[in-house]
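Open the structure and keep the sequence beside it. We will walk through it piece by piece.

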Amino acid sequence: MWLRCGCAASLRVLASPLRVLGLRRCNTAAFMPESTGFGGVSGRSGLQEFSVSSSESFWAAVARHRLSWIRPFTAVQDCDLSRGRIRWFEGGKLNVSVNCLDRHVHTCPDRVALMWERDEKGSEVRYTYRELLEMTCRVGNLLRRHGVKKGDCVTIYMPTCPLAVASMLACARIGAAHNVVFAGFSAEALAERIRDAQSSTVITVNQGIRGGKILELKKTVDTAVQSCPTVQQVFVAMRTDSPVAMTARDIAMEEEMLKEDVVCEPAAMNSEDTLFLLYTSGSTGKPKGLVHTQAGYLLYAALTHRYVFNYHDGDVFGCVADIGWITGHSYGVYGPLANGGTTVLFESTPVYPDPGRYWDMVERLQINQFYGAPTAIRLLLKFGDEWVNKYDRSSLKTLGSVGEPINTEAWEWYYRVVGEERCPVVDTWWQTETGGICIAPRPSDPDAEIVPGMAMRPFFGIKPALMDTEGKVISGNDASGALCLAQPWPGMARTIHNDHQRFMETYCQPYPGYFFTGDGAYRSVEGYYQITGRLDDVINVSGHRIGTAEIEDAVNQCPAVAESAVIGYSHDIKGQAVFAFVVLKKNVDVEEADLSRQLNGIVSEKIAKYACPDFIQFVQRLPKTRSGKIMRRVLRKVVELDLDSLGDLSTLDDPAAVQEIIQEQSKRS
Ligand code: 6R9
């Protein structure tokens, strides 16, 4: 069954790779920028300025202190955003898996690396650094024996579990790139990603299990690979007891792993070799395979994990994102492991078996930093405070939010009820493209002021810029514009796999010399940043620009509302009008007409009359991607009655949500 490698040969594992690489003993807490001797720089906010104005000195010092190198780098950076050329730490060689495992095994082999919170509540499994290294080495050897070479790309289609993490790290160990595809994607979506990545090897499980429901992952892979001529072998691990039909190309993973040695020589990788591809959710056109490389990505994930969450040695870090998304990569796997931390792998859902799941887990695993998505927070607040209060949350020190704007009501509930007004809420803004957190409340100072609903301050080395409609930089505060990043940072994506032209067009060409994020932002009088939503979700009503997120935030402040989605639709007179889909809290018993009046009152009070919804439709649920993002694109098509071009719905969490809304719409029209 589910393989848990023994510790028998651990000493062999410890000694060999470290000796091969000539690594010194390391203290995981010793890589702080403060200790790097930046003469004359006092305090962390001074350090932020220094990190931007003297970017090369800053990143060189941090890279030397925080990463273990096989060969030191010779150039800190060679970047030109206008040409889409991004290179960090060239000349250097290192191995990411050694940085995440061996060096910690050397100092603290029995520290817990992974706490796997399995779907079945109360059956968590812990893996020490030594055990995770052994498992990684076995997978690395297995892949090598089956011909996987440096530079190949392995597709991983697995639930969030230790073997998936070991598979990612095994790729890194032998120099192959990984391409993790979220295990909720359809066969077609998976096939498209396998083909684009040109993978010859896929790793999967017989079945997944999430929220008590069985997911037939192996069957999905079988269907997918029929249209993927490059695939030669599929490794199949057993997550459940159900036997699965094996074909000639399938390999029983655990069985074969047991034949492998627990020592695997790490490949010496160049800083700019590819570490992984990750496809962004296909809300617009063909998915983009963003390319992240070795040293810069790892360094940035580690540094942000340490400072944004104020993570300290011995803390238990609970990121509930699936490993199929960038949040799972950077803050479920690479950041915490590079820092020698203990990281939780969450396989379940926030409401399984009941809405107390997260907080029960916090109590059981003694989680210190909890990192989740606003959509889950909004869902949970609908069920009431008693599900939270049932559990002891005194271990919590920091609460994180990611993925979309967090509305004021959710922020306050998170802060007041979940965190008992003790834990800072860090609303972290970033993207698959940025590799790690770019704007967050407190990279500079753990005691810094935090304003609800604001991502606040740029991280070390990040220089945001707001652009006006003419493409010029806006200099003052109290201003809104297109959010760009004015200088390169080590964690940014280098290109789109096989499509550098698209990378240029999407990110580099809209504002030459800047990285364009696709988001809008507001810079407050104090200079704090607030993300206003995707620019493609901005509505222009009678010449007034208004972010859908802003309207939603107001609508959500109505006590009867659980969540909402606002879209713009074409209107003869105003250009665009506002359409709000609203989900009410359970047991709300108010007339719809009264509620509509109430909502309009709130919106005109919070924003302006022009922002009031012209139409409000009360719905049971909103169509969302499995990572929790509301699919406004789909809502727009439904409202426009353009049902033939709804596009790919395979990324939806529950396609029935769209059907319900369509039926409601057709009753009205
Ligand atoms: C990490 C992640 C990126 C897009 C991004 C933005 C939205 C993420 C946010 C946020 C407001 C935040 N987003 N964090 N919006 N406040 N704190 O989610 O990556 O899946 O690539 O999505 O998500 O619109 O551009 P990804």
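Helices here are DSSP runs of H or I with at least four residues, strands are DSSP runs of E with at least two, and both are numbered from the N terminus. With those labels you can find N310, in the loop between α10 (294–308) and β16 (316–319). One more point before we go on: this is a predicted model.

Stay at N310 for a moment. Its phi is near 55 degrees, a positive value in a residue that is not glycine. Most residues other than glycine have a negative phi, and most peptide bonds are trans. A second case is D478, which also is not a glycine and has a positive phi of about 55 degrees. Look for D478 in the loop between β23 (464–467) and β24 (479–485). Now turn to a peptide bond. The one from Y352 to P353 is cis, with omega near -5 degrees. P353 sits in the loop between β17 and α12 (357–365).

Next come the sheets. Begin with an open sheet of seven strands. Read across it and the order is β5-β4-β17-β16-β18-β19-β20, with mixed pairing. Why is one side of β5 (125–128) and of β20 left without a neighbour in the sheet? Both strands stand at the edges and have a single partner strand each, so one side of each has no neighbour there. From one strand to the next, the twist averages 20 degrees.

Zoom in on one pair in this sheet. Strand β18 (residues 369–372) and strand β19 (residues 398–402) run parallel, and four bridges join them. Take Q369 as an example: its bridge partner in β19 is T398.

Helix α6 (residues 162–174) touches β4 (112–117), β5 and β17 (342–346). The direction of α6 makes about 135 degrees with that of β4. Helix α15 (residues 408–418) lies across β18, β19 and β20. Against β19, α15 runs at about 160 degrees.

Now move to another open sheet, built from eight strands. Its order is β12-β11-β8-β6-β7-β14-β15-β25, and the pairing is again mixed. Which strands form the edges? They are β12 (250–252) and β25 (495–496), and each pairs on one side only. At the β25 end, strand β15 (residues 289–293) pairs with β25 in the antiparallel sense, over two bridges. There, L290 stands opposite I496 of β25.

Finally, find the ligand. How many residues surround the ligand? There are 16, and the closest are D427, T428, Q431, T432 and D519. By class, the shell has six nonpolar, five polar and five charged residues. Some elements give several of them: α11 (326–338), β20 (425–428) and β27 (529–534) each supply at least two residues of the shell.

A backbone N or O atom of T428 lies 2.7 Å from a ligand nitrogen atom. T432 brings a polar side-chain atom to 2.6 Å from an oxygen atom of the ligand. D519 has a polar side-chain atom 2.5 Å from a ligand oxygen atom. Taken alone, the ligand exposes 530 Å², and the protein buries 89% of that.

Conventions. Residues are numbered from 1 along each chain as its sequence is written. This is a predicted model: local features need pLDDT of at least 70, side-chain atom pairs count only at pLDDT 80 or more; totals for chains, interfaces and linings use all residues. Side-chain values use heavy atoms; hydrogens and water are left out. A residue is near a molecule or strand if one of its heavy atoms lies within 4 Å of it. A polar contact is a pair of N or O atoms within 3.5 Å; within protein, one must be able to donate a hydrogen and the other to accept it, and residues adjacent in sequence count only if both atoms are side-chain atoms. Accessible areas come from the Shrake-Rupley method with a 1.4 Å probe; for residues, only the protein chains shown count as cover. Ala, Val, Leu, Ile, Met, Phe, Trp, Tyr, Cys and Pro count as nonpolar, Asp, Glu, Lys and Arg as charged, and the others, Gly among them, as polar. Two strands pair if DSSP finds at least two bridges between them. Axes are lines fitted to C-alpha atoms, for helices over the stretch in contact, and angles run from 0 to 180 degrees between N-to-C directions. Contact means heavy atoms within 4.5 Å.
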